[in-house]
Amino acid sequence: MSIEILREIRRFEEEARKIVEDAERQAEELLKKIEADKRKIEEDLKIKVNQQIAKIKEEASVKAEEESKRIISENEKTLKELVEKTERNLNKAAEIIVKTIIGEGE
Amino acid sequence: MLTQTDSLQFIRNKILNDAQLKATAIISKAKEDYEKKLKEFEDNIKRKYEVLVENAKSEAKQIIERKIAETRVYVNRIILDKKEELIERAFSKAFEILKTIIKTDKYKKFLEDAVYSTAKYMGGGDLTVYVNDETVIENQTLDKIAQKVTRELGVKTTIRIGEKRIKALGGIIMKNKDGDIEVNNTIETLIEKAKNTIRSKVAKILFST
(Lines give C-alpha, C1' and ligand atoms only; values in the text may rest on other atoms or scores of the structure.)
Protein backbone atom coordinates (compact mmCIF):
# COMPACT_ATOMS: atom_id res chain seq x y z
CA MET A 1 0.00 0.00 0.00
CA SER A 2 1.12 3.44 -0.73
CA ILE A 3 1.80 5.95 1.99
CA GLU A 4 -1.11 7.94 0.65
CA ILE A 5 -3.55 5.13 1.31
CA LEU A 6 -2.17 4.43 4.78
CA ARG A 7 -2.59 8.10 5.65
CA GLU A 8 -6.20 7.99 4.47
CA ILE A 9 -6.90 4.91 6.56
CA ARG A 10 -5.42 6.61 9.65
CA ARG A 11 -7.68 9.57 9.00
CA PHE A 12 -10.70 7.24 8.89
CA GLU A 13 -9.58 5.58 12.12
CA GLU A 14 -9.18 8.97 13.76
CA GLU A 15 -12.68 9.88 12.61
CA ALA A 16 -13.99 6.61 14.05
CA ARG A 17 -12.15 7.18 17.33
CA LYS A 18 -13.82 10.60 17.64
CA ILE A 19 -17.24 9.02 17.08
CA VAL A 20 -16.58 6.48 19.86
CA GLU A 21 -15.13 9.12 22.18
CA ASP A 22 -18.16 11.31 21.62
CA ALA A 23 -20.41 8.39 22.50
CA GLU A 24 -18.36 7.71 25.64
CA ARG A 25 -18.66 11.38 26.64
CA GLN A 26 -22.42 11.29 26.14
CA ALA A 27 -22.61 8.14 28.26
CA GLU A 28 -20.54 9.78 31.00
CA GLU A 29 -22.76 12.87 30.98
CA LEU A 30 -25.82 10.68 31.23
CA LEU A 31 -24.37 8.98 34.29
CA LYS A 32 -23.53 12.36 35.81
CA LYS A 33 -27.09 13.52 35.18
CA ILE A 34 -28.43 10.60 37.20
CA GLU A 35 -27.45 12.16 40.57
CA ALA A 36 -29.30 15.36 39.78
CA ASP A 37 -32.32 13.37 38.58
CA LYS A 38 -32.28 11.29 41.77
CA ARG A 39 -32.31 14.45 43.89
CA LYS A 40 -35.19 15.82 41.84
CA ILE A 41 -37.19 12.59 42.22
CA GLU A 42 -36.52 12.53 45.96
CA GLU A 43 -37.45 16.17 46.44
CA ASP A 44 -40.67 15.84 44.43
CA LEU A 45 -41.63 12.70 46.31
CA LYS A 46 -40.72 14.26 49.66
CA ILE A 47 -42.98 17.25 49.01
CA LYS A 48 -45.81 14.96 47.88
CA VAL A 49 -45.43 12.66 50.87
CA ASN A 50 -45.17 15.52 53.36
CA GLN A 51 -48.39 16.95 51.97
CA GLN A 52 -49.98 13.51 52.19
CA ILE A 53 -48.83 13.08 55.82
CA ALA A 54 -50.04 16.56 56.78
CA LYS A 55 -53.43 15.75 55.22
CA ILE A 56 -53.64 12.42 57.07
CA LYS A 57 -52.86 14.13 60.41
CA GLU A 58 -55.26 16.97 59.75
CA GLU A 59 -58.05 14.54 58.86
CA ALA A 60 -57.28 12.51 62.00
CA SER A 61 -57.44 15.63 64.12
CA VAL A 62 -60.80 16.61 62.62
CA LYS A 63 -62.14 13.06 63.01
CA ALA A 64 -60.91 12.94 66.64
CA GLU A 65 -62.71 16.21 67.41
CA GLU A 66 -65.88 14.97 65.73
CA GLU A 67 -65.79 11.71 67.71
CA SER A 68 -65.15 13.61 70.91
CA LYS A 69 -68.11 15.93 70.25
CA ARG A 70 -70.31 12.94 69.40
CA ILE A 71 -69.40 11.19 72.68
CA ILE A 72 -69.99 14.38 74.69
CA SER A 73 -73.32 14.91 72.97
CA GLU A 74 -74.35 11.29 73.70
CA ASN A 75 -73.24 11.80 77.29
CA GLU A 76 -75.40 14.90 77.64
CA LYS A 77 -78.38 12.78 76.59
CA THR A 78 -77.36 10.03 79.05
CA LEU A 79 -76.96 12.61 81.84
CA LYS A 80 -80.40 14.07 81.12
CA GLU A 81 -81.96 10.61 81.24
CA LEU A 82 -80.06 9.81 84.43
CA VAL A 83 -81.33 12.96 86.16
CA GLU A 84 -84.92 12.37 84.99
CA LYS A 85 -84.84 8.76 86.16
CA THR A 86 -83.24 9.70 89.46
CA GLU A 87 -85.81 12.41 90.17
CA ARG A 88 -88.46 9.71 90.17
CA ASN A 89 -86.49 7.58 92.66
CA LEU A 90 -85.27 10.40 94.89
CA ASN A 91 -88.13 10.21 97.42
CA LYS A 92 -87.85 6.44 97.65
CA ALA A 93 -84.09 6.66 98.31
CA ALA A 94 -84.58 9.43 100.90
CA GLU A 95 -87.20 7.33 102.69
CA ILE A 96 -84.81 4.37 102.86
CA ILE A 97 -82.17 6.65 104.39
CA VAL A 98 -84.66 7.97 106.94
CA LYS A 99 -85.78 4.46 107.82
CA THR A 100 -82.17 3.40 108.27
CA ILE A 101 -81.47 6.34 110.57
CA ILE A 102 -84.56 6.24 112.73
CA GLY A 103 -84.42 2.47 112.84
CA GLU A 104 -87.53 1.51 110.99
CA GLY A 105 -85.78 -0.29 108.24
CA GLU A 106 -82.64 -2.19 107.51
CA MET B 1 -12.70 -4.35 -10.83
CA LEU B 2 -12.52 -1.84 -7.94
CA THR B 3 -10.61 1.32 -8.35
CA GLN B 4 -8.34 2.60 -5.57
CA THR B 5 -10.91 5.27 -4.72
CA ASP B 6 -13.67 2.68 -4.41
CA SER B 7 -11.51 0.57 -2.15
CA LEU B 8 -10.75 3.50 0.09
CA GLN B 9 -14.43 4.35 0.26
CA PHE B 10 -15.21 0.78 1.21
CA ILE B 11 -12.59 0.84 3.99
CA ARG B 12 -13.83 4.19 5.21
CA ASN B 13 -17.44 2.96 5.35
CA LYS B 14 -16.42 -0.15 7.19
CA ILE B 15 -14.35 1.72 9.80
CA LEU B 16 -16.99 4.39 10.38
CA ASN B 17 -19.87 1.89 10.47
CA ASP B 18 -18.01 -0.15 13.08
CA ALA B 19 -17.36 3.02 15.08
CA GLN B 20 -20.97 4.06 14.79
CA LEU B 21 -22.16 0.65 15.96
CA LYS B 22 -19.79 0.81 18.93
CA ALA B 23 -20.96 4.34 19.75
CA THR B 24 -24.59 3.30 19.56
CA ALA B 25 -23.88 0.34 21.84
CA ILE B 26 -22.10 2.58 24.35
CA ILE B 27 -24.97 5.09 24.45
CA SER B 28 -27.62 2.34 24.60
CA LYS B 29 -25.80 0.71 27.50
CA ALA B 30 -25.48 4.07 29.29
CA LYS B 31 -29.17 4.80 28.76
CA GLU B 32 -30.09 1.34 29.97
CA ASP B 33 -27.93 1.79 33.08
CA TYR B 34 -29.35 5.25 33.64
CA GLU B 35 -32.94 4.04 33.47
CA LYS B 36 -32.24 0.96 35.57
CA LYS B 37 -30.48 2.93 38.31
CA LEU B 38 -33.14 5.63 38.32
CA LYS B 39 -35.89 3.05 38.50
CA GLU B 40 -34.15 1.23 41.36
CA PHE B 41 -33.65 4.52 43.19
CA GLU B 42 -37.27 5.56 42.62
CA ASP B 43 -38.56 2.19 43.83
CA ASN B 44 -36.39 2.37 46.96
CA ILE B 45 -37.34 5.93 47.78
CA LYS B 46 -41.02 5.15 47.19
CA ARG B 47 -40.78 2.21 49.60
CA LYS B 48 -39.10 4.47 52.16
CA TYR B 49 -41.83 7.10 51.86
CA GLU B 50 -44.56 4.47 51.85
CA VAL B 51 -43.29 3.45 55.29
CA LEU B 52 -43.52 7.09 56.41
CA VAL B 53 -47.09 7.33 55.11
CA GLU B 54 -48.03 4.07 56.83
CA ASN B 55 -46.49 5.37 60.06
CA ALA B 56 -48.48 8.57 59.70
CA LYS B 57 -51.68 6.55 59.16
CA SER B 58 -50.92 4.52 62.26
CA GLU B 59 -50.18 7.69 64.22
CA ALA B 60 -53.43 9.22 62.95
CA LYS B 61 -55.35 6.18 64.15
CA GLN B 62 -53.70 6.54 67.55
CA ILE B 63 -54.60 10.25 67.68
CA ILE B 64 -58.27 9.36 67.13
CA GLU B 65 -58.21 6.47 69.61
CA ARG B 66 -56.43 8.57 72.25
CA LYS B 67 -58.94 11.40 71.88
CA ILE B 68 -61.85 8.96 72.15
CA ALA B 69 -60.33 7.36 75.27
CA GLU B 70 -59.71 10.78 76.84
CA THR B 71 -63.25 11.89 76.06
CA ARG B 72 -64.68 8.68 77.50
CA VAL B 73 -62.70 9.18 80.72
CA TYR B 74 -63.93 12.79 80.80
CA VAL B 75 -67.61 11.91 80.29
CA ASN B 76 -67.40 9.00 82.75
CA ARG B 77 -66.03 11.45 85.30
CA ILE B 78 -68.97 13.79 84.60
CA ILE B 79 -71.46 10.93 85.05
CA LEU B 80 -69.76 9.81 88.28
CA ASP B 81 -69.79 13.39 89.60
CA LYS B 82 -73.46 13.73 88.67
CA LYS B 83 -74.25 10.43 90.42
CA GLU B 84 -72.39 11.63 93.53
CA GLU B 85 -74.36 14.87 93.39
CA LEU B 86 -77.64 12.94 93.09
CA ILE B 87 -76.74 10.65 95.99
CA GLU B 88 -75.96 13.75 98.07
CA ARG B 89 -79.35 15.14 97.06
CA ALA B 90 -81.02 11.98 98.37
CA PHE B 91 -79.27 12.44 101.71
CA SER B 92 -80.21 16.13 101.79
CA LYS B 93 -83.81 15.18 101.08
CA ALA B 94 -83.64 12.59 103.87
CA PHE B 95 -82.40 15.33 106.20
CA GLU B 96 -85.40 17.49 105.23
CA ILE B 97 -87.78 14.59 105.95
CA LEU B 98 -86.06 14.04 109.32
CA LYS B 99 -86.68 17.70 110.16
CA THR B 100 -90.42 17.01 109.96
CA ILE B 101 -90.18 13.65 111.75
CA ILE B 102 -88.59 15.14 114.91
CA LYS B 103 -91.91 16.83 115.56
CA THR B 104 -93.79 13.51 115.62
CA ASP B 105 -94.08 10.50 117.94
CA LYS B 106 -91.79 8.56 115.62
CA TYR B 107 -88.94 10.73 116.83
CA LYS B 108 -89.77 10.03 120.49
CA LYS B 109 -89.55 6.31 119.76
CA PHE B 110 -86.31 6.80 117.84
CA LEU B 111 -84.85 8.77 120.74
CA GLU B 112 -85.71 6.09 123.28
CA ASP B 113 -84.25 3.39 121.02
CA ALA B 114 -81.13 5.51 120.55
CA VAL B 115 -80.68 5.95 124.31
CA TYR B 116 -81.22 2.24 124.91
CA SER B 117 -78.93 0.96 122.15
CA THR B 118 -76.19 3.51 122.93
CA ALA B 119 -76.27 2.69 126.66
CA LYS B 120 -75.98 -0.99 125.83
CA TYR B 121 -73.21 -0.34 123.33
CA MET B 122 -71.29 1.56 126.02
CA GLY B 123 -71.68 -1.38 128.41
CA GLY B 124 -73.96 0.42 130.88
CA GLY B 125 -72.73 2.22 134.03
CA ASP B 126 -73.34 5.84 134.99
CA LEU B 127 -74.21 7.52 131.74
CA THR B 128 -75.15 11.03 130.70
CA VAL B 129 -77.20 11.73 127.63
CA TYR B 130 -77.01 15.06 125.83
CA VAL B 131 -79.77 16.33 123.54
CA ASN B 132 -80.61 19.58 121.78
CA ASP B 133 -82.76 22.44 123.08
CA GLU B 134 -85.94 21.19 121.46
CA THR B 135 -85.77 17.61 122.67
CA VAL B 136 -87.68 16.65 125.77
CA ILE B 137 -86.95 13.32 127.38
CA GLU B 138 -88.42 12.50 130.76
CA ASN B 139 -86.33 11.16 133.62
CA GLN B 140 -88.89 8.42 134.09
CA THR B 141 -88.26 7.19 130.56
CA LEU B 142 -84.51 7.25 131.10
CA ASP B 143 -84.89 5.29 134.35
CA LYS B 144 -86.92 2.62 132.59
CA ILE B 145 -84.27 2.29 129.89
CA ALA B 146 -81.51 2.17 132.52
CA GLN B 147 -83.30 -0.61 134.37
CA LYS B 148 -83.70 -2.57 131.14
CA VAL B 149 -79.98 -2.20 130.36
CA THR B 150 -79.07 -3.18 133.94
CA ARG B 151 -81.17 -6.31 133.57
CA GLU B 152 -79.78 -7.25 130.21
CA LEU B 153 -76.11 -6.51 130.86
CA GLY B 154 -76.00 -7.30 134.57
CA VAL B 155 -74.26 -3.95 135.10
CA LYS B 156 -75.92 -1.32 137.27
CA THR B 157 -76.83 1.46 134.91
CA THR B 158 -78.08 4.99 135.44
CA ILE B 159 -78.87 7.47 132.72
CA ARG B 160 -79.34 11.16 133.32
CA ILE B 161 -79.83 14.18 131.06
CA GLY B 162 -76.80 16.39 130.71
CA GLU B 163 -77.26 20.10 131.36
CA LYS B 164 -75.30 21.19 128.35
CA ARG B 165 -77.36 21.22 125.16
CA ILE B 166 -75.95 20.03 121.85
CA LYS B 167 -76.27 21.71 118.47
CA ALA B 168 -77.89 19.10 116.28
CA LEU B 169 -81.14 18.48 114.48
CA GLY B 170 -81.85 15.62 116.81
CA GLY B 171 -80.46 12.46 118.30
CA ILE B 172 -78.14 12.09 121.26
CA ILE B 173 -74.58 12.17 122.47
CA MET B 174 -73.86 9.83 125.37
CA LYS B 175 -70.89 9.95 127.72
CA ASN B 176 -69.74 7.70 130.53
CA LYS B 177 -69.15 8.99 134.08
CA ASP B 178 -65.52 9.96 133.47
CA GLY B 179 -66.39 11.55 130.17
CA ASP B 180 -63.62 9.67 128.39
CA ILE B 181 -66.00 7.60 126.31
CA GLU B 182 -68.43 9.39 124.06
CA VAL B 183 -70.81 8.00 121.48
CA ASN B 184 -72.30 10.43 119.02
CA ASN B 185 -75.67 9.37 117.67
CA THR B 186 -76.95 12.74 116.52
CA ILE B 187 -79.02 12.83 113.34
CA GLU B 188 -76.16 14.55 111.51
CA THR B 189 -73.64 11.88 112.54
CA LEU B 190 -76.06 9.09 111.70
CA ILE B 191 -76.52 10.59 108.25
CA GLU B 192 -72.76 10.76 107.75
CA LYS B 193 -72.44 7.13 108.85
CA ALA B 194 -75.28 6.15 106.54
CA LYS B 195 -73.43 7.77 103.66
CA ASN B 196 -70.80 5.07 104.08
CA THR B 197 -72.96 2.13 105.07
CA ILE B 198 -75.92 2.43 102.71
CA ARG B 199 -74.43 4.48 99.88
CA SER B 200 -74.49 1.59 97.42
CA LYS B 201 -78.05 0.72 98.42
CA VAL B 202 -79.13 4.33 97.89
CA ALA B 203 -77.34 4.38 94.54
CA LYS B 204 -79.08 1.17 93.51
CA ILE B 205 -82.50 2.64 94.32
CA LEU B 206 -81.71 5.96 92.68
CA PHE B 207 -80.32 4.59 89.46
CA SER B 208 -82.59 1.59 88.98
CA THR B 209 -84.93 1.78 86.00
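B:Asn185 touches B:Thr118, B:Gly171, B:Ile172, B:Leu190 and B:Lys193, leaving aside residues up to four places away in sequence; contact here means heavy atoms within 4.5 Å. The model is predicted, so local features need pLDDT of at least 70 and side-chain atom pairs count only at pLDDT 80 or more, while totals for chains, interfaces and linings use all residues. Residues are numbered from 1 along each chain as its sequence is written, chains are lettered from A and ligands numbered from 1 in the order in which they are written, and side-chain values use heavy atoms, with hydrogens and water left out.

Two of these neighbours also form polar contacts with B:Asn185. Its side chain pairs with the side chain of B:Thr118 at 2.9 Å, and a further polar contact, of 3.4 Å, links the side chains of B:Asn185 and B:Lys193. A polar contact is a pair of N or O atoms within 3.5 Å; within protein, one must be able to donate a hydrogen and the other to accept it, and residues adjacent in sequence count only if both atoms are side-chain atoms. B:Asn185 belongs to strand S4 (residues 182-186) of chain B. Helices (H or I, at least four residues) and strands (E, at least two) are DSSP runs, numbered from the N terminus. B:Asn185 is classed as buried because its relative accessibility is 13%; buried means under 20% relative accessible area, exposed over 50%, and partly exposed in between (1.4 Å probe, protein chains only).

Elsewhere in chain B, B:Glu42 sits in helix H1 (residues 4-101). With a relative accessible area of 29%, B:Glu42 is partly exposed. From B:Glu42 to B:Glu163 there are 121 residues in sequence and 98 Å in space, C-alpha to C-alpha.

Chain A has 1 helix and 0 strands. Its radius of gyration is 44 Å, well over the 13 Å that the globule rule gives for 106 residues, so chain A is more spread out than a compact globule. This radius is taken over C-alpha atoms, and the rule is 2.2 Å times the number of residues to the power 0.38. The C-alpha trace of chain A spans about 140 × 25 × 15 Å along its principal axes. Of the 106 residues in chain A, 32% are buried.

One residue of chain A brings the two chains together in this account. A:Asn75 lies in helix H1 (residues 3-102) of chain A and is buried, at 6% relative accessibility. Residues up to four places away in sequence aside, A:Asn75 touches B:Val75, B:Ile78 and B:Ile79.
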